[in-house]
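User: Hi! I'm new to this one. Could you walk me through it?

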Amino acid sequence: MSHQPLTNLAPDWAGFDQDLRESGEVSKPGEAADFARFAIDGMRPERVVRPTSIPQVCRVMESASARGLAVVPAGFGAHLGLGAAPGRPFLALVLGSLNELVEHQPANMTLTAQAGMSLAQLQAVAARAGQWLPVDPPLPAEASVGGLISANLSGPSRFSQGTVRDLLIGITVVRADGSLVKSGGRVVKNVAGYDMGKLYCGSLGTLGVIVEATFKLRTIPRARAVMRMTCPDMARVEALLERIMTAPLEPLFIELVAHVPAAGAGYVVVVGFGGAPEDVADQGATLTSLVAAEDRLEELAGEEASVFLEELRDSRVLGEGSLRLKASLLPARLSAFMAALEKESQTGELTMAVQAHAGNGIIQVRVVGADGPDPRGSMLGSVERLRAEAVGLGGTLVVEQAAAELKPDLDLWGGGIEGLALMQRIKQTLDPGGILSPGRFVGGI
């Protein structure tokens, strides 16, 4: 197949369909449910293609590149709301059928899986050897391996276990032109020089189609404890967090959960421990000694703890709310940003659900109500004011998800993105025709 300069190509969907028929596959426009499931901000794909092998992914990308077609890789479609809508009509390349376990080496504590395997499936495989991939993003049954990397998903355990980027040791990617590249390998110490696999973490499918990944695993803790503390105000939260962070403790996670305005409900701090039973018991006793008499302490165990942790994990993406924000700050700035949220709830007449990784300074905000005469205007104004607060505190704020009618008027990423010129050069190098998820990422990448 000849490869023409993409800048001179008009999209050729009929030619693409013919290419796939000639290679033994069939390109279908997709079922009605597929169009809806893989729509992005109301923009439906022109085609939905579900390859069943890595060679098929290569052929699809080779044809799309030659035919000037935009391609958006997808797993289950759960995280397509992240980023902007594609800049032009696109093909949804759905990898859910590439869901095989490639290799699990319990002795080396590594696991390699195809991109379409769900995180829940991966964890079930690892658990049979007493191991787990220590990430806990929302809805693991709807998060694919490829989506986990592409959206850089994480959860409460990032405090102690790091992010997907820290756990990824090997990756196989199909580039825009259909060529197959690998980085890293299947043992923990395998990288000399720059680890190219890290580039794909959080790239939203703009640099390549992830088809396989290798992770390092951890041993499942023999015992766990979940401690939940309710404080009447942020001053008491701040004091409690300072005592926890300076005490001889090794929590798995430290979370802050609140509704803004608080309306007398208080602020909930959740701390988890894991390890040997005696260590967990000792740390629980130490934490208990740090909690003031005015702050209500509960220890959750068994099924109650499991249900609560699932709700905590999933709460930031479930329930009402068409606007989700993420602020990234130094942990010491958490209290100041919470004060800004309280002020904004009055200015913008908004009700917000907040979940913060208190030990990391990552604050997830879900707008669950807008009561003023102009809800849309209130949300738009609130985003800009909260971003200004975050920047003033030395951090950032991005829009993680917004309703399709709201998103075009929002600055999703904020201005002054550090390293944008370098990111643009990387995009130009790996995808010179700009066909992969065009316009979805920072700076219109």
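User: How much of the protein chain is buried?
Analyst: Buried residues make up 54% of its 445 residues; buried means under 20% relative accessible area with a 1.4 Å probe, counting protein chains only. Please keep in mind that this is a predicted model, where local features need pLDDT of at least 70, side-chain atom pairs count only at pLDDT 80 or more, and totals for chains, interfaces and linings use all residues. Residues are numbered from 1 along each chain as its sequence is written, and side-chain values use heavy atoms, leaving out hydrogens and water.

User: And what is the secondary structure made of?
Analyst: The protein chain has 13 helices and 18 strands, which are DSSP runs numbered from the N terminus (helices are H or I, at least four residues; strands are E, at least two).

User: In what order do the strands of the open sheet come?
Analyst: The 5 strands are ordered S4-S5-S9-S7-S8, with antiparallel pairing; two strands pair if DSSP finds at least two bridges between them. At the edges are S4 (101-105) and S8 (180-184), each pairing on one side only.

User: How many bridges join S7 to S9?
Analyst: There are 6, between residues 168-174 of S7 and residues 209-216 of S9. Thr172, for instance, stands opposite Glu212 in S9.

User: New topic: why does a radius of gyration of 23 Å agree with a compact globule?
Analyst: Because a compact globule of 445 residues would come near 22 Å. The radius is taken over C-alpha atoms, and the globule rule is 2.2 Å times the number of residues to the power 0.38.

Technical notes
Buried means under 20% relative accessible area, exposed over 50%, partly exposed in between (1.4 Å probe, protein chains only).
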